[in-house]
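Please read the following report alongside the sequence and the model, which are displayed just below.

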Amino acid sequence: LHDALPIFRDRERRLIRKIQSALQRIDDGTYGICDECGEEIAIPRLKARPVTRLCINCKAKQEEDEHLRGD
């Protein structure tokens, strides 16, 4: 368990940065807008993943591209 603590700490820090970024987007009026296509992100997706920056279509395309590249 002690060896895993840095991994957990890093994961939590990344999540905190994502939350801070989402709060900033709320403040600047861009929360819920897809970074890739500029369309609104569906409410169910935001409820499931409040820190998301991509609509479901752009996320699916990103994952497909990653799969094709072998990421």
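## Terms and basis

For the classes used here, Ala, Val, Leu, Ile, Met, Phe, Trp, Tyr, Cys and Pro count as nonpolar, Asp, Glu, Lys and Arg as charged, and the others, Gly among them, as polar. This is a predicted model, in which local features need pLDDT of at least 70 and side-chain atom pairs count only at pLDDT 80 or more, while totals for chains, interfaces and linings use all residues. Residues are numbered from 1 along each chain as its sequence is written, and side-chain values use heavy atoms, with hydrogens and water left out.

## The largest pocket

A pocket is, on a 1 Å grid over the protein atoms alone, an open set of points where a 1.4 Å probe fits, with protein on both sides within 12 Å along at least five of seven lines, and its lining residues have an atom within 4 Å of a point. The largest pocket holds about 180 Å³ of space, the volume being the space filled by probe spheres set on the points, with grid points joined across faces, edges and corners.

Its lining consists of K18, S21, R25, R45, R49, V51, T52, R53, L54, K59 and Q62. The elements that each contribute two or more of these residues are α1 (5-28) and α3 (56-69), and α1 gives the most, with three residues; helices here are DSSP runs (H or I, at least four residues), numbered from the N terminus. By class, the lining has six charged, three polar and two nonpolar residues.

## The helices and their ends

Just after α1, G29 takes a positive phi of about 85°, and just after α3, G70 takes a positive phi of about 85°.

The largest nonpolar core has six residues, C34, I41, L46, L54, C55 and C58, where a core is a set of buried Ala, Val, Leu, Ile, Met, Phe, Trp, Tyr and Cys residues joined through side-chain atoms within 4.5 Å. Buried means under 20% relative accessible area, exposed over 50%, and partly exposed in between, computed with a 1.4 Å probe on protein chains only.

T52 lies in the loop between α2 (43-48) and α3 and counts as buried, at 6% relative accessibility. Leaving out residues up to four places away in sequence, T52 touches R25, I41, R45 and L46, and L46 in turn touches Y31, G32, I41 and T52, contact meaning heavy atoms within 4.5 Å.

## Two exposed positions

E40 is placed in the loop between α1 and α2 and counts as exposed, at 66% relative accessibility. Beyond its neighbours within four places in sequence, E40 is in contact with G32, I33 and C55, and its C-alpha atom lies 9.1 Å from that of L54, 14 residues apart in sequence.

R17, found in helix α1, is exposed as well, with a relative accessible area of 51%.
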